[in-house]
Amino acid sequence: MDFIPTTFSDETSSGTSYPSPVSDFIEEPPLLEEIGVNFTHIRQKTLAVLNPFSTTIDEELLFDSDLAGPFFFCVMLGGSLLMTGKWTFDYIYGVTFVGSLAMFCLMNIMSELEIGLYRTISIMGYCLLPMVLLAILTMVLPIRTIIGVVLTFLCVLWCTNRASLMFTALLRLHHQRILVGYPLGLYYACFALLTIY
């Protein structure tokens, strides 16, 4: 059995040059970039959802179907509700998956353009952010009052408005925004019910 040296060199005894493992490691892209997490797009999508009064959205953001932001917002929603004594993680992920699957089917039936399931989950997950803010608010304010019901209704409208704007901009359904918004309103009303009760 021959002795194999454990040190790496750029040249072998025969004169052939091989790249060293260290130089390969240095040339690798960062891990988050490699798996498709773009913090700039996450921040821009979050800010687009947080502005309920804008009527346009950058279409480049809509073509990015990352799931890191929606996953984080679902965890934040579940964590906020957990702080109030409600275990709802299973309901949150169940409603998110079933609702996104239903909207995926509905949007592909309504539009001549196609939308992918990941993009649908991404849009609906980002637009869940106002509901997360409402859940955080329930930690300090009683939500089962008239003011709480009004705030909940406004959050459902806010989520529905942003999601319907994103879907209509992406699929060119500008004249059907109310038709797109109705099932989205029902979807976000489920999260409002989880937040209140």
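Q: Is R172 buried, partly exposed or exposed?
A: The model is predicted. R172 has a relative accessible area of 46%. Buried means under 20% and exposed means over 50%, with partly exposed in between. R172 is therefore partly exposed.

Q: Which residue forms a salt bridge with R172?
A: The closest N and O atoms of the pair are 3.4 Å apart. A salt bridge needs a side-chain nitrogen of Lys or Arg within 4 Å of a carboxyl oxygen of Asp or Glu. The partner of R172 is E59.

Q: How many residues apart are E59 and R172?
A: E59 sits in helix α4. R172 lies in the loop between α9 and α10 (177–196). The pair thus links distant parts of the chain, with a separation of 113 residues.

Q: Is E59 buried, partly exposed or exposed?
A: The relative accessibility of E59 is 32%. E59 counts as partly exposed.

Q: How many salt bridges does the structure hold?
A: One of them joins E59 and R172. Another joins D66 and K45, with the closest N and O atoms 3.9 Å apart. The structure holds two.

Q: Which helix holds K45, the partner of D66?
A: D66 is in the loop between α4 and α5. K45 is 21 residues away from D66, and the pair links distant parts of the chain. K45 belongs to helix α3.

Q: Are D66 and K45 buried or exposed?
A: D66 has 6% relative accessibility. K45 has a relative accessible area of 3%. The cut-off for burial is under 20%. Both D66 and K45 are therefore buried.

Q: What is the span of α3 from its first C-alpha to its last?
A: Helix α3 covers residues 39–50, which is 12 residues. At 1.5 Å a residue, the expected span is 16 Å. The helix comes close to that, reaching 16 Å.

Q: Why do the buried residues of α3 lie on the same side?
A: The buried residues of α3 are H41, I42, K45, T46, A48 and V49. They lie on the same side of α3 because they cover an arc around the axis of only 160 degrees.

Q: Which helices do the buried residues of α3 pack against?
A: The chain has 10 helices and zero strands. Several helices contact the buried residues of α3. They are α4 (59–62), α5 (68–83), α7 (117–126), α8 (129–137) and α9 (146–171).

Q: What percentage of the residues count as buried?
A: The protein chain has 197 residues. Its accessible surface comes to about 12,000 Å². Of the residues, the buried share is 40%.

Methods
Residues numbered from 1 in each chain as written. Predicted model: local features only at pLDDT ≥ 70, side-chain atom pairs only at ≥ 80, totals over all residues. Heavy atoms only, no water. Helix = DSSP H or I, 4+ residues; strand = E, 2+ residues; numbered from the N terminus. Expected span 1.5 Å × (residues − 1). Buried < 20%, exposed > 50% of the residue type's maximum accessible area, 1.4 Å probe, protein only. Arc of directions from axis to C-beta. Contact = heavy atoms within 4.5 Å. Areas by Shrake-Rupley, 256 points an atom, 1.4 Å probe, with all protein chains shown as cover.
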